[in-house]
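Colleague: I would like to learn how to read a few features of a protein model. Please take them one at a time.

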Amino acid sequence: MASREPIYSARARKVIEMLKYQSREEVAKEFNYKHWKSLDTYMRRKNFVYDSRQGQYIPAENRFKKDKEAYRN
């Protein structure tokens, strides 16, 4: 099974920080992406998933642990 530990590159850290004050669309433009989906692809490759409730990228392993626990109950 593949490891889902997040890879905190300098860009990934900056994206997470910028999302505290800006939307995904604005952050994508800052990094010269044509669309926020390109930013999403980058973050997924770094093992992050977007949590729409928080408006932030979170480590994928956290998301899958929550889903697994909810399935057991």
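Colleague: Is D40 buried or exposed?

Modeller: A residue is called buried when its relative accessible area is under 20%, exposed when it is over 50%, and partly exposed in between, using a 1.4 Å probe and protein chains only. D40 has a relative accessible area of 10%, so D40 is buried. Keep in mind that this is a predicted model, in which local features need pLDDT of at least 70 and side-chain atom pairs count only at pLDDT 80 or more, while totals for chains, interfaces and linings use all residues. Residues are numbered from 1 along each chain as its sequence is written, and side-chain values use heavy atoms, with hydrogens and water left out.

Colleague: Where is D40 found?

Modeller: Helices (H or I, at least four residues) and strands (E, at least two) are DSSP runs, numbered from the N terminus. D40 is in helix α3. Contact means heavy atoms within 4.5 Å. If neighbours within four places in sequence are set aside, D40 is in contact with R24, Y50 and Y57.

Colleague: Which side chains does D40 meet in a salt bridge?

Modeller: Side chains of opposite charge can pair when their charged atoms come close. The rule for a salt bridge is a side-chain nitrogen of Lys or Arg within 4 Å of a carboxyl oxygen of Asp or Glu. D40 forms one with R24, at 3.6 Å from N to O. D40 lies in helix α3 (residues 36-45) and R24 in helix α2 (residues 24-30), so this pair ties together parts that are 16 residues apart in sequence. R24 also counts as buried, at 15% relative accessibility. D40 forms another salt bridge with R44, with the closest N and O atoms 2.8 Å apart. D40 and R44 are four residues apart in helix α3, so about one helical turn separates them. R44 is partly exposed, at 47%.

Colleague: How many salt bridges does the rule give?

Modeller: The count is three. One of them joins the side chains of E17 and K20, at 3.2 Å from N to O. E17 is partly exposed, with a relative accessible area of 39%, and K20 is exposed, at 52%.

Colleague: At what angle do helix α1 and α3 pack?

Modeller: Two packed helices are described by the angle between their axes and the distance between the axes. Axes are lines fitted to C-alpha atoms, for helices over the stretch in contact, and angles run from 0 to 180 degrees between N-to-C directions. Helix α1 (residues 10-18) and α3 pack at about 125°, with axes 10 Å apart. That makes α1 oblique to α3, given that angles under 35 degrees count as roughly parallel, over 145 as roughly antiparallel, 65 to 115 as roughly perpendicular and the rest as oblique.

Colleague: Which residues of α1 and α3 meet?

Modeller: R11, A12, V15 and I16 in α1 meet L39, Y42 and M43 in α3. By class, this contact has six nonpolar, no polar and one charged residues. Here Ala, Val, Leu, Ile, Met, Phe, Trp, Tyr, Cys and Pro count as nonpolar, Asp, Glu, Lys and Arg as charged, and the others, Gly among them, as polar.

Colleague: What is the phi of N32?

Modeller: Most residues other than glycine have a negative phi. Phi of N32 is near 60°, a positive value. N32 is in the loop between α2 and α3 and is exposed, at 70% relative accessibility.
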